[in-house]
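Student: I would like to learn how to read side-chain contacts in a model. Where do we begin?

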Amino acid sequence: MGDSKRRPLAGRRSVLLGMAGFASAALAACTDTGGPAVPAPGSGPARPKATPTGPATPPPSIALKSTEQAAAALAPSAAPPPSARPDKKQILAEFSGRQPTQWGLHIAGVVNGSPSARVALTFDACGGPGGAGCDHALLATLRRLAVPATLFLNSRWIHANPSLAAELAADPLFELANHGTLHQPLSVNGRSAYGIPGTPSAGAAYDELMGNRALMQELSGTDPKFFRPGTAFYDDVAVAMTRRLGMVPVNFTVNGDGGATYSAATVAAEVGRVVSGDIVISHFNRPAAGTAQGYARALPGLLDKGVTFGRLGEVLTL
């Protein structure tokens, strides 16, 4: 795309989150119990510019990090080699008793956008009641157009789809990432999102992170580099634990399908306005949603405009 057509770098970090509550409500549909109604996209104010964030965070989320902050947060020291990775006993000694000061979708330490010229498409597979399906039409569109993506798999979805999970692990177009063990908000004190209790302790947060990590390592032979919790909510202590265990906590700048609740036309409109550096969240575990049709409408036009795509491992500097 020409520079004249690109939005300012700070502005495009601000998500479909015109208001933080908008994105929060949209993601509730990724939960087993559903969530609040989703306001119509575009009903809130325009994307605000990102501003530096401090330690105090009003719920449910804080402003997005700038591209420079995101790049700095991905320093190599954030991901220790497997040989240096602490075990559960060490994690409990380090994190038990620490009190969170932030809670939300976009808090300090969580990566929401990238410094890359490319766009990263990410798709969650949440598992659980009503969430263990597969949107084969969406995957077929990505493959037909040779558009790479990062797939966040929950252990419940992997157990329900072992052959398909193995197929995705073997497909070089896709990169697999960790979506947790029981699809819980990642907390050290049981804080809830959408009425769903988060992990109640540091030990439970460790199990949510590492239980599925072990399963994915067995599935693909490699450790997943990236993590996103169920509901996408974290507290700052759990974020630090995620990094200590060698995974990068990732959320998004664009909510592509509202937790698989948007119509195809809305998905096409939201995905169709991505720009360089965006990370898009959508879902591929609900084939009845408008996600596949929306992407099938949006992607050809984006490719014609010269938008390029990359997996998280390609757009984030580790």
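Tutor: Begin with ring pairs. Rings of Phe, Tyr and Trp (its six-membered ring) pair if their centres lie within 6.5 Å; planes under 30 degrees apart count as stacked, over 60 as edge-to-face and the rest as tilted. By that rule the structure holds 5 aromatic pairs. This is a predicted model, in which local features need pLDDT of at least 70 and side-chain atom pairs count only at pLDDT 80 or more, while totals for chains, interfaces and linings use all residues. Residues are numbered from 1 along each chain as its sequence is written, and side-chain values use heavy atoms, with hydrogens and water left out.

Student: What describes a pair of aromatic rings?

Tutor: The distance of the centres and the angle of the planes describe it. Trp103 and Phe233, with centres 5.5 Å apart and 45 degrees between the planes, form a tilted pair. Trp103 is in strand β1 (residues 103-104) and Phe233 in the loop between β5 (226-227) and β6 (234-235), 130 residues apart. Strands here are DSSP runs (E, at least two residues) and helices likewise (H or I, at least four), numbered from the N terminus.

Student: Are Trp103 and Phe233 buried or exposed?

Tutor: Buried means under 20% relative accessible area, exposed over 50%, partly exposed in between (1.4 Å probe, protein chains only). Both Trp103 and Phe233 are buried. Ring pairs also link Trp103, Tyr194 and Phe233 into a cluster.

Student: Why is the pair of Phe227 and Tyr234 edge-to-face?

Tutor: Because the planes of Phe227 and Tyr234 are at 70 degrees, with the ring centres 6.4 Å apart. Phe227 is buried at a relative accessible area of 0%, and Tyr234 counts as buried at 0%.

Student: How many salt bridges does a search of the whole structure find?

Tutor: A salt bridge is a side-chain nitrogen of Lys or Arg within 4 Å of a carboxyl oxygen of Asp or Glu. The search finds 10. In one of them, the closest N and O atoms of Arg85 and Asp223 are 3.1 Å apart. Arg85 is buried at 17% relative accessible area, whereas Asp223 is partly exposed at 27%.

Student: Which residues join Arg85 in a network of salt bridges that share partners?

Tutor: Arg213 and Asp223 join Arg85 in that network.
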